Amino acid sequence: MPDESTRRVSIEANDDQTNSNKLPNFLLSVRLKYVKLGYHYLISHAMYLFLVPILIAAFVHLSTITMEDVVQLWDQLKFNLVTVILCSALIVFLATLYFMTRPRKVYLVDFSCYKPKPDVMCPKELFMERSKIAGIFTEENLAFQKKILERSGLGQKTYFPEALLKLPPNPCMAEARKEAEMVMFGAIDELLEKTGVKAKDIGILVVNCSLFNPTPSLSAMIVNHYKLRGNIMSYNLGGMGCSAGLISIDLAKQMLQVHPNSYALVVSMENITLNWYFGNNRSMLVSNCIFRMGGAAILLSNKSSDRRRSKYQLIHTVRTHKGADDKSYGCVFQEEDDNKKIGVALSKDLMAVAGEALKTNITTLGPIVLPMSEQLLFFITLVARKVFKMKIKPYIPDFKLAFEHFCIHAGGRAVLDELEKNLELSQWHMEPSRMTLYRFGNTSSSSLWYELAYTEAKGRIKKGDRTWQIAFGSGFKCNSAVWRALRTINPAKEKNPWMDEIDEFPVEVPRIVTINA
């Protein structure tokens, strides 16, 4: 019997076989498609359709007003001067209150993803070779890691820390700091060059890294390296898993609400040097196989003058935390194995927990992003099932009507497969996530930004497009961010890690890729 870890990470292809002698009724599907689009348009524009007759009637009525009516109205106002002054003062007060209390708009000026040098590229064969040379893993667990890699969806050009590629490996604090500096400073340098913003102009700094939290902190390393100003609001988030990138975005958003005319720098990364597991617990070996080196830097602004040059506006952030449930809390857990080797154990309940967290998150997000047509269909179906006990399938809202692009955390092939099926997404929608997993591996919280960079490099981002970023992480957490493009992104003017090879993608990723090791 294979153990739970093997069953969890093994992925089998389930291809539905169709009868080649029967063609689908394309006419029926086309009709249904346009019926649904017509219904969606009718409901979504119901308010405008309702207001048109009222506006026409008001216009007709105003056209009957004569000059004598205007003179009579003026005479009445002259004798009610106090009323006019009070009403004017009230209007000014309410307008001032509205403009002072309304949420400040948050713009994403630009972002940058770190692309390591080719000399730290780690093909699967090299990974297996270094694992064997380490002399720690049993033959059975070497075979297990090989099996994971063959089914992982990772390609041959992912990146690994220099310290772990050395012979022998040298995982130490100095090497971990070196990796952190290389990733963070590499991404920030490129971002500052792209935006032209001076380091001294940054007023808010948020850094997230789950498993590497030295003293001084990573945020202090950035402050020291770039000589940031003394009153900078800096935060260092640790232990929050792969979803911490969107937590950082949400924190920066909250800070920008109370600090006008400010720039916020968000840095998302993970550090592998000190977190490669040197043991034989299979639930901890999975992380070794899929996590790779990477990081991203994002510049946010609440300055109205930055709107014109910014790429996106942050529309919504939704955070879901299931940590009150013991099973959710323990499904991704850093601990010691029987031989006192520290690793991150993945529970067999991980997929079920992730599904529950996702359900809660989209239940919160749905009402604020879905068109009214989808919300009505969902509500009617829910009432029919719960109140009238009708035996009908639950209606799954079509999130493709709310978003043009999807950036789903590239945590692993199984997670992407499940989300594609449950959200009824196409291969085109899943392409940025799958190609990021293939090219860069699981880069933890920064993977969402490699995916958005892929979408930009493909020339898919048009003005007004909405993008949904969704990430999962230990705790257990599921977080979402919704962005609206402020301009069409011209890939020819972009500098991101995909640009010099984007024409090679997408590629077909087989379910199993044999490793010759």
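Trainee: Which residues does T467 touch, not counting residues up to four places away in sequence?

Mentor: Quick background: this is a predicted model, where local features need pLDDT of at least 70, side-chain atom pairs count only at pLDDT 80 or more, and totals for chains, interfaces and linings use all residues. Residues are numbered from 1 along each chain as its sequence is written, and side-chain values use heavy atoms, with hydrogens and water left out. T467 sits in strand β10, residues 466-473 (strands are DSSP E runs of at least two residues, helices are H or I runs of at least four, both numbered from the N terminus). Leaving out residues up to four places away in sequence, and with contact meaning heavy atoms within 4.5 Å, T467 touches F403, H405, C407, L452, I461, A481, V482 and W483.

Trainee: Is T467 buried or exposed?

Mentor: Buried means under 20% relative accessible area, exposed means over 50%, and partly exposed is in between, using a 1.4 Å probe and protein chains only. T467 has 2% relative accessibility, so it counts as buried.

Trainee: How are α17 and α18 oriented to each other?

Mentor: Axes are lines fitted to C-alpha atoms, for helices over the stretch in contact, and angles run from 0 to 180 degrees between N-to-C directions. The axes of α17 (residues 427-440) and α18 (residues 447-457) come within 9 Å and cross at roughly 115°. Under 35 degrees is roughly parallel, over 145 roughly antiparallel, 65 to 115 roughly perpendicular and the rest oblique. So α17 and α18 are roughly perpendicular.

Trainee: And which residues of α18 make that contact?

Mentor: From the α17 side come E431, P432, S433, M435, T436 and F440. Their partners on α18 are S447, Y450, E451, Y454 and T455.

Trainee: What about α7 and α12, how are they set to each other?

Mentor: Their axes are 10 Å apart and the packing angle is about 45°. Therefore α7 and α12 are oblique.

Trainee: Which residues of α6 are buried?

Mentor: Helix α6 covers residues 124-133, and what covers its buried residues includes α7 (139-151), α8 (162-165) and α12 (282-290). The buried ones are K124, L126, F127, M128, R130 and S131.

Trainee: How many disulfides are there?

Mentor: A disulfide is a covalent bond between the sulfur atoms of two cysteines. Here the rule is a pair of cysteine sulfur atoms within 2.5 Å. C122 is buried at 2% relative accessibility, and C242 is buried at 14%. By that rule, the number of disulfides is zero.
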